[in-house]
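Work through these exercises with the structure open. Try each task before reading its solution.

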Amino acid sequence: MGFDNECILNIQSLAGEYFCPVCRLLVYPNEALQSQCTHLYCKPCLTYVVSTTRACPYDGYLVTEADSKPLVESNKMLADTIGKIAVHCLYHRSGCTWQGPLSECTAHCSGCAFGNSPVVCNRCGIQIVHRQVQEHAQNCPSVQPQAQQAKGGQDTAAAGTTAAAENEQLYEPGPF
Ligand SMILES: [Zn+2]
Ligand SMILES: [Zn+2]
Ligand SMILES: [Zn+2]
Ligand SMILES: [Zn+2]
């Protein structure tokens, strides 16, 4: 998974090439892989494309693991540029006011107390803490990933995109 789009300060000003073609989220520069068609993928998203259509959702170009390189090796300047993008803390909806470059966000968020704020999953109604949201989205008892994957082919890529977009609205701040 890439970075939560809602936590980017000036998302309109960013180039489309900074976003993963599969989940449509901003890639983490230190984890991103650059395919031969120069598009940037999150690791799990690249693995997903390689194991399904093997075609880049942006341009249809063949995507293989062998031809994909870590962005920090293939284009260090681009990795640095993405690392400087101004973002909010991932838990700013729970009240954190931290802002800074994307490259420092992971370190901030791992120690951020707002990550322990309670939120409620709108799908299953279970109360979790904010930092468990991404993990919970994969394990939520009300989500059945097998059903989505069964569609196969190009449809699955589109369904994955929709699911990622829906996840943005699935969580509400919990009772305090
Ligand atoms: Zn992705
Ligand atoms: Zn591409
Ligand atoms: Zn924070
Ligand atoms: Zn849930």
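Two residues are in contact if their C-beta atoms, placed from the backbone, lie within 7 Å. With that cut-off, residues 24 or more positions apart account for 43% of the contacts in the protein with a separation of 6 or more. The model is predicted.

**Exercise 1. Confidence and content**

Task: State the average pLDDT of the protein, and find where pLDDT stays under 50.

Solution. 
- Step 1. The average pLDDT is 86. A score of at least 70 is reached by 81% of the residues.
- Step 2. Over residues 147-169, pLDDT stays under 50. For this stretch the model has 20 contacts beyond four places in sequence.
- Step 3. Now count elements. The protein has seven helices and eight strands. Of its 176 residues, 27% are buried.

**Exercise 2. A three-stranded sheet**

Task: Give the strand order of the open sheet of three strands.

Solution. 
- Step 1. Strands of a sheet pair through backbone hydrogen bonds, either parallel or antiparallel.
- Step 2. Here the order is β2-β1-β3, and the pairing is antiparallel.
- Step 3. β2 and β3 (69-70) are the edge strands, since each pairs on one side only.
- Step 4. Look at β1 and β3. Two bridges join them. Gln34 has Lys69 in β3 as its bridge partner.

**Exercise 3. The largest nonpolar core**

Task: Which residues of the largest nonpolar core touch the most other members?

Solution. 
- Step 1. In soluble globular proteins, nonpolar side chains tend to be buried together.
- Step 2. This core holds 33 residues. Cys20, Val27, Ala32, Tyr41 and Cys45 touch the most other members.
- Step 3. α1 gives the most, with three residues.
- Step 4. Take Val27 from the list. Beyond its neighbours within four places in sequence, Val27 contacts Gly2, Tyr18, Cys20, Ala32, Leu40, Cys42 and Ile82.

**Exercise 4. Phe3 and Cys109**

Task: Are Phe3 and Cys109 buried or partly exposed?

Solution. 
- Step 1. Recall the cut-off. A residue with 20 or more other C-beta atoms within 10 Å is buried.
- Step 2. Phe3 lies in the segment before β1 (33-34). Phe3 has 24 other C-beta atoms within 10 Å, so Phe3 is buried.
- Step 3. List its partners. Leaving out neighbours within four places in sequence, Phe3 contacts Leu25, Leu26, Tyr28, Val87 and Leu102. Phe3 and Tyr28 are 25 residues apart along the chain, yet their C-alpha atoms are separated by 6.6 Å.
- Step 4. Move to Cys109, in helix α4. Cys109 has 19 other C-beta atoms within 10 Å, so Cys109 is partly exposed.
- Step 5. Leaving out neighbours within four places in sequence, Cys109 contacts Cys89, Leu90, Tyr91 and Gly115. Cys109 and Tyr91 are 18 residues apart along the chain, and their C-alpha atoms are separated by 7.6 Å.

**Exercise 5. An annotated span**

Task: Which residues does the UniProt annotation "domain: RING-type" cover?

Solution. 
- Step 1. According to the unreviewed UniProt entry, the annotation covers residues 20-59.
- Step 2. Turn to the model. The end C-alpha atoms of residues 20-59 lie 13 Å apart. The span is 22% helix and 10% strand.

Terms used. Residues numbered from 1 in each chain as written. Chains lettered and ligands numbered in written order. Predicted model: local features only at pLDDT ≥ 70, side-chain atom pairs only at ≥ 80, totals over all residues. Core = buried A, V, L, I, M, F, W, Y, C linked by C-beta atoms within 7 Å. Buried ≥ 20, exposed ≤ 12 C-beta atoms within 10 Å, placed from the backbone. Helix = DSSP H or I, 4+ residues; strand = E, 2+ residues; numbered from the N terminus. pLDDT = per-residue confidence, 0-100. Pairing = 2+ DSSP bridges. UniProt positions renumbered as here; feature names shortened; annotations may be inferred.
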